[in-house]
Amino acid sequence: MTLAVRYTSARTLDTAPAAPSSPGPGEVELAPAYVGICGTDLHIFHGDMDARVQAPAVLGHEMSGRVVRVGPGVEGWQPGDAVTVMPLRWDDTCPACRAGHQHICQHLDFIGIDSPGAMQQRWTVPASTLIRLPASLPLDRAALVEPTAVAVHDVGRAEVAEDEKVVVVGGGPVGILIALVARAAGADVRVVEPSAHRRLLALELGLTAWHPADDDVPTLVQQWTGDAGADVAFEVSGAAAGVDTAVDVLGVRGRLCLVAIHPRPREVNLHRFFWRELTLVGARLYDRGDFERAVALVADGTIPAERLISKVVALTQAPAAFEALEGGGDVMKILVDCTGDARGVAV
């Protein structure tokens, strides 16, 4: 018998025994090592996704681990292989899939939301979801591959190019990752973030960070760009004020990439879109190429994953970790150690 962290109702998680299921045809059984807690997991914890999540539900989709067993017909994988999972299952028949956009399948199963996730000691998934990890990559850092893949996809959707001026509104884990991926693409990047802790981390990573209340961000952008405005803005804050800032900083024919999940409709200055011929693009999830690029960026240190890990907790401490993350600003990424060896230490 193994353990799993389960969402049972709003603001209620438990750690319960779970019976591992043997891998069937085309499946593999994994031993998750580390699982990150993300903003979507917090939405589930708050009860905001009860219409979609069927309780009791095992959470978690940012993970690293090792193969334990392979099912019939699985080739290329063996016990001990280090892996992460691209947690998407699509039907391959809907209009989105037929157009080549399987990652936004109209009947998508997002594993860890729509079906059981990684926050357990044994986890059976389709072999098709596995992404190989380099043997030299520590598994705690590898747990940040999934959010890095989000950032890679976002930067690609915004078509960030070398020497472009980029503003990232929201300096949480995904915002910082977007800033780092954009910088790796050759862009000049600024981060807008109210948390002093997160601004300090951005500065330590070599990024320039501004406070949205204390700094006149549009004026600073004009000074920085020679009155041209930014080429690209990423809205990662999920706040109405963040939308305003992201629109206001853009120059003529600038691109606004919407990353955050906004819980309600927002007012948008459409006159500015008309006047400056702005473009709005949505960015959701990732594809296999994004994941493979993310593995390379984490493995070679372009993404200093260890700097984004605020704390590692044991599986049994996961419910308390969700509550700690609600404070937001002083914490970046908390990892849940599913191996049974963690005592819960800050790193």
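Student: Which residue does Val 169 stand opposite in S12?
Tutor: Val 169 stands opposite Val 192 in S12, and the two strands, S11 (residues 165-169) and S12 (residues 188-192), pair in the parallel sense over five bridges. Strands here are DSSP runs of E with at least two residues, helices are runs of H or I with at least four, and both are numbered from the N terminus; two strands pair if DSSP finds at least two bridges between them.

Student: How does the chain cross from S11 to S12?
Tutor: The chain passes through helix H5 (residues 173-184), and this β-α-β crossover is right-handed, meaning that with the strands pointing away from the viewer the path from the first strand over the helix to the second runs clockwise.

Student: What should I keep in mind about the model itself?
Tutor: The model is predicted, and local features need pLDDT of at least 70 while side-chain atom pairs count only at pLDDT 80 or more, although totals for chains, interfaces and linings use all residues. Residues are numbered from 1 along each chain as its sequence is written, and side-chain values use heavy atoms, with hydrogens and water left out.

Student: Back to the sheet, then: in what order do the six strands come?
Tutor: The order is S13-S12-S11-S14-S15-S16, in an open sheet with parallel pairing. Its edge strands are S13 (208-210) and S16 (279-282), each of which pairs on one side only.

Student: Which strand does S11 join through four bridges?
Tutor: That is S14 (residues 230-235), which runs parallel to S11, with Val 168 standing opposite Phe 234. S11 is mostly covered, since four of its five residues are buried, where buried means under 20% relative accessible area, exposed means over 50% and partly exposed lies in between, using a 1.4 Å probe and protein chains only.

Student: Changing topic, is Asp 154 buried or exposed?
Tutor: Asp 154, which is found in helix H4 (residues 145-157), is buried yet has no salt bridge, and the nearest side chain of opposite charge, Arg 157, is 7.4 Å away. For charge, Lys and Arg count as positive and Asp and Glu as negative, while His and the chain ends are not counted; a salt bridge needs a side-chain nitrogen of Lys or Arg within 4 Å of a carboxyl oxygen of Asp or Glu.

Student: What does Asp 154 touch, then?
Tutor: Not counting residues up to four places away in sequence, Asp 154 touches Val 174, Ile 178, Phe 234, Cys 257, Val 259 and Ala 283, contact being heavy atoms within 4.5 Å.

Student: How many salt bridges are there in the whole structure?
Tutor: A search finds 13. One of them joins the side chains of Lys 333 and Glu 62 at 2.8 Å, N to O, linking strand S18 (residues 333-337) with strand S5 (residues 62-70) across 271 residues. Lys 333 counts as buried at 4% relative accessibility, and Glu 62 counts as buried at 3%.

Student: And what about Arg 52 and Asp 114?
Tutor: Arg 52 forms a salt bridge with Asp 114, with the closest N and O atoms 2.7 Å apart. Arg 52 lies in the loop between helix H1 (39-45) and S4 and Asp 114 in the loop between strand S8 (109-110) and strand S9 (123-126), so the pair ties together parts that are 62 residues apart in sequence. Arg 52 is partly exposed at 36% relative accessible area, and Asp 114 is partly exposed at 31%.
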